[in-house]
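Please find below a short note for a colleague who is meeting this structure for the first time. The points take up the sheet and then a pair of helices.

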Amino acid sequence: MWGYKRFYRRSLLETSDFLKNDCLVLNCTVGVVKNRIETPKNIQFHVPSSDMGRCFKELLSLGIGCDITFEVGDEKVRAHKWILAARSPVFKAQFFGPIGKPDLRRVVVEDVEPVVFKAMVNFIYADELPSIHELAGSVSMWTSTVVVQHLLAAADRYGLDRLRILCEAKLCDELTPETVATTLALAEQHHCAELKTACLKFAAVRENLGVEQKCEAACHCKHRGRVRLSGTRQNDLLDPLDSDGPSF
């Protein structure tokens, strides 16, 4: 039972010296009962970094539980529909949307090169840019910049905003006189404002471009929006849509 076990009679209280001017002052002592265990405050715990990306990437590389196969050119890429759907709104609609096909087992992918599609799937699982040289192989004619340019286009196509921004940043760091024109065209085509600004600033520096390359970049700016991404050619990222468009 809580409280004091003995009570003060009212008649005695009213005639006692404790009651002054019809007021009673009480002095209370409050005790707090603790019902939890106190732990030392000076102990530090080392929390390891998240290895979720590594675990998912291992799941992909081992092919455990894969339920979808993508046929990309001459190669086949196996994956998990629920992981793809969780990361890409396009895959989510394709497999689990109102008109999606959850029982789909095979998908033919067009206009995307195998190395680019594999790089995109690796990013979906690991949430980081994969090693381009590891995916393309040592004998591949693909350069890192060309793969990243195509990867940016694929990221935009499948709604992978983080991947698109990572590609923008990498392309910005790898700008050269040989790649600035195609990167500028790509940035304009996929509405990458910051990358486009970086290309224009790069081209504005006299030491970066020769006269012929400056004319080429200026020609592109006059014919904006008249190029398309090539899904079949490796050496040329962009093909002109008409004879008046720029030729890189």
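1. In this predicted model, three strands form an open sheet whose order is β4-β3-β5, and the pairing within the sheet is mixed. From one strand to the next, the twist averages 25 degrees.

2. Within the sheet, strand β3 (residues 68–72) and β4 run antiparallel and are joined by five bridges. As a particular example to locate in the view, Glu71 has Lys76 of β4 as its bridge partner.

3. Helix α5 (residues 114–126) packs on the sheet, where it touches β3, β4 and β5. The direction of helix α5 makes about 10 degrees with that of β4.

4. Turning to the helix pair, two packed helices are described by the angle between their axes and the distance between the axes. Helix α7 (residues 144–157) and helix α9 (residues 180–189) pack at an angle of about 5 degrees, and their axes lie 11 Å apart. Because angles under 35 degrees count as roughly parallel, α7 and α9 are roughly parallel to each other.

5. Which residues make the contact between α7 and α9? On the α7 side they are Gln149, Leu152 and Ala153, while α9 contributes Thr182, Thr183 and Leu186.

Notes: Residues are numbered from 1 along each chain as its sequence is written. This is a predicted model: local features need pLDDT of at least 70, side-chain atom pairs count only at pLDDT 80 or more; totals for chains, interfaces and linings use all residues. Side-chain values use heavy atoms; hydrogens and water are left out. Axes are lines fitted to C-alpha atoms, for helices over the stretch in contact, and angles run from 0 to 180 degrees between N-to-C directions. Helices (H or I, at least four residues) and strands (E, at least two) are DSSP runs, numbered from the N terminus. Angles under 35 degrees count as roughly parallel, over 145 as roughly antiparallel, 65 to 115 as roughly perpendicular and the rest as oblique. Contact means heavy atoms within 4.5 Å. Two strands pair if DSSP finds at least two bridges between them.
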